[in-house]
Amino acid sequence: MPPGSPNILPPGAPGTRPYGPPPPPPAPNGPSTPSVVPIGARAEQAFDPPGGMAWVRVSPKLTWQRRIAVLLWALPVTIIGAFVLSRTRGLAGGLIWLALVLVACAVGWIVAELSYRSWGFAERADDLLVTHGFFVRHLVVVPYGRMQYVDVTAGLLEQWLGVATVRLHTAAAATDARIPGLPARDAAILRDRLAQKGEARSIGL
Amino acid sequence: MYGPGYGPPMYGPPPKPPVHFSHGVHRLHLATAVINAVGVVVIAFVLGGYSLLLTQTPDGVALALTPAVIARFLVVMLPVTAVAAAIGFWIWWSLKFWISGDDLVVETGILRRRNRRIPLAHMQAVDVVRPLTSRVFGLAEVRVELAGGDQAETKFRFLGRPMAEQLRAELLARAAGLPGHTPEAPERPYWRVGFGTLLGSQLMRLPVIGALMLLVALLAFGVVFKELGVLAAALPVLLGLARGVIAPLVMHTNFTAALSPDGLRLRYGLMETRMQTVPPGRVQAVRVVEPLLWRGNGWARIDVTVAGYVGDRQALSSVLLPVAPRDVAMRMVGLVFPGTNAEAVPLLPAPRSWLAPFRKGEAGTDDRLFVTRRGRVCRRLDVIAHARAQSVRLTAGPFQRLLGLGTVHIDAPPGPVQVAAEDRELGEARAIVESAAGRAHRARATDIRTERWAR
């Protein structure tokens with residue numbers, strides 16, 4: 001089709017700059033925003049708490065929750081793997097399997113502690129910040145007004161340890177803002193507080 | 001010749017007065033009952049009815065239409081037909097809908113009544129869909145989309161075509177807070193995609209050309225070596241081409257976009273025609289895609305994330321403009337996010353590193369939009385309004401941290417367009433996060449159009 005033949009643009013169609021004042025030319029870190037981290041901030045400060053605040057840390061029971069979970073996984077894996085390998089490869093195979101599982105457990109043991117230390121959250125005036133992750137670091141900023149609902153969940157292990165997970169849901173599935181390892185009572189209080197803040201600032205989609 | 005004032009001669013019945021859905025109770029088109037009943041009868045016939053027509057003979061099974069056989073067939077199928085007709089009619093009778101105040105009320109249920117109230121202000125989109133079969137009978141389906149979940153869709157299948165258009169117009173008018181008898185908002189044509197352009201755009205893509213070459217090579221091999229085995233390899237390629245070229249071609253034939261006060265009106269489809277209204281405030285994020293081979297013609301495509309379309313419907317309605325010159329596409333982005341200009345946003349390139357020597361992403365923001373651009377071969381421009389951002393995330397994997405890099409995600413509801421500024425310097429990335437969070441907060445404070453649709 002030759003360009004422009006049946007494609008009619010009405011003369012009144014808005015141009016590239018339709019209405020409103022021309023957009024200001026700020027850069028991503030322009031001076032117009034009260035950025036907490038100054039421009040050119042050091043990379044190691046990227047996951048620091050927002051200015052003047054400290055991360056609220058979760059309960060150390062989270063470490064134990066993870067460690068017990070690791071052990072609960074390791075137990076059947078050890079038994080079945082060792083049984084199968086000792087049948088096919090003899091005693092040596094079983095022992096090597098046992099050693100591998102022990103190493104994996106040790107790694108899991110250490111990672112549980114490191115992962116626990118990486119969790120933190122901070123409640124700002126308009127949004128909630130959550131950071132976590134040891135291998136892949138995450139920082140999530142969720143505006144209270146965007147929260148659709150907040151829920152508290154506690155699995156069997158969590159119930160036994162007396163902790164719970166608070167999870168924030170927005171319309172975006174990618175948001176993934178959860179805070180595990182909170183003492184059950186604190187979790188309920190936090191949920192209520194977040195829900196209240198969300199309601200006060202609620203806006204549709 | 002008749003003089004002026006006589007008007008055209010009136011043949012046939014006079015036009016019916018317009019229906020107001022706020023008065024009285026309304027039902028689907030009566031043909032729905034017939035269609036449902038016919039469907040049930042066909043299923044009954046396929047499942048067992050046909051075997052009654054067959055007779056076991058010494059030679060095997062034969063179709064012998066003796067009176068006894070026909071009687072046997074009718075004895076079974078007539079009651080089935082009667083029951084199907086009764087059920088079809090009952091379902092049709094039990095589904096009622098009307099507009100009450102600011103709600104659309106749908107009452108269904110044969111045994112247990114179910115009354116569903118849909119607040120019109122929460123409506124995300126109203127589509128009029130006309131599948132091929134129903135087009136023959138002049139019927140149309142109206143789909144009302146709500147935010148959240150696969151169940152959040154209400155279908156009216158089928159309505160007479162004029163009634164479907166009236167229902168759509170009245171829903172849109174009421175959602176915008178106007179009285180229901182407001183005539184449908186006027187529209188002016190914005191863009192029409194010619195079939196040649198559409199066909200060219202579908203063929204001029206590297207994967208398609210690659211698949212075509214593979215197909216030709218396979219067939220040539222098969223002909224030269226008289227080897228039928230290549231058909232086994234050619235068939236999946238052919239199916240892939242049908243899915244990748246013919247399906248979008250059939251779907252987007254006769255694509256027209258029009259502007260109206262209640263949003264963009266899109267009409268398209270060959271087998272199944274759709275009329276879709278996209279209110280600007282419901283568009284979450286937009287992507288302008290320019291594949292390598294399109295750039296010679298200056299073509300671009302717009303993908304879009306609209307809240308409310310989930311799963312299959314998301315994939316069906318994710319294209320805002322299948323192909324158009326780039327400046328037309330960019331103007332369309334300006335219409336979707338009114339009062340903004342995505343091209344005027346200054347973009348800063350991400351630092352180059354050995355991890356990504358070729359992928360040079362760029363990102364930039366102004367007070368309304370967050371824009372990223374990436375891709376060498378297939379260039380993509382992702383645009384999200386700060387007012388639509390659900391959350392802001394910063395992630396840094398182990399390799400990224402080794403290089404002091406991080407990725408900033410501006411989260412939108414699930415859809416084809418997800419906006420992320422990849423591989424920014426970590427310090428800058430955190431600054432982007434903070435500034436985006438602040439801008440989003442201010443943008444939301446001034447953004448009041450979400451309460452009422454398209455006002």
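Predicted model: local features only at pLDDT ≥ 70, side-chain atom pairs only at ≥ 80, totals over all residues.
Residues are numbered from 1 along each chain as its sequence is written, and chains are lettered from A and ligands numbered from 1 in the order in which they are written.

**Exercise 1.** Find into which domains chain B is divided.

*Solution.* Start with the bounds, which come from an automatic or database domain assignment. They give domain 1 (31-175), domain 2 (195-252) and domain 3 (281-446). Next, take the centres over C-alpha atoms: those of domain 1 and domain 3 of chain B are 42 Å apart.

**Exercise 2.** Work out how much of chain B is buried, and whether strand β6 of chain B is enclosed or open.

*Solution.* A residue is buried if 20 or more other C-beta atoms, placed from the backbone, lie within 10 Å of its own. By that rule, 37% of the 455 residues in chain B are buried. Now look at β6(B), residues 123-130: 8 of its 8 residues are buried, so this strand is largely enclosed by the rest of the structure. Strands here are DSSP runs of E, at least two residues long, numbered from the N terminus.

**Exercise 3.** Identify the strands that pair with β6(B).

*Solution.* Two strands pair if DSSP finds at least two bridges between them.

- Step one: β7(B), residues 139-146, pairs with β6(B) in the antiparallel sense over 6 bridges. Here Asp127(B) stands opposite Arg143(B).
- Step two: β12(B), residues 273-278, runs antiparallel to β6(B), joined by 4 bridges. Here Val129(B) faces Arg274(B) as its opposite residue.

Definitions and conventions: Buried ≥ 20, exposed ≤ 12 C-beta atoms within 10 Å, placed from the backbone.
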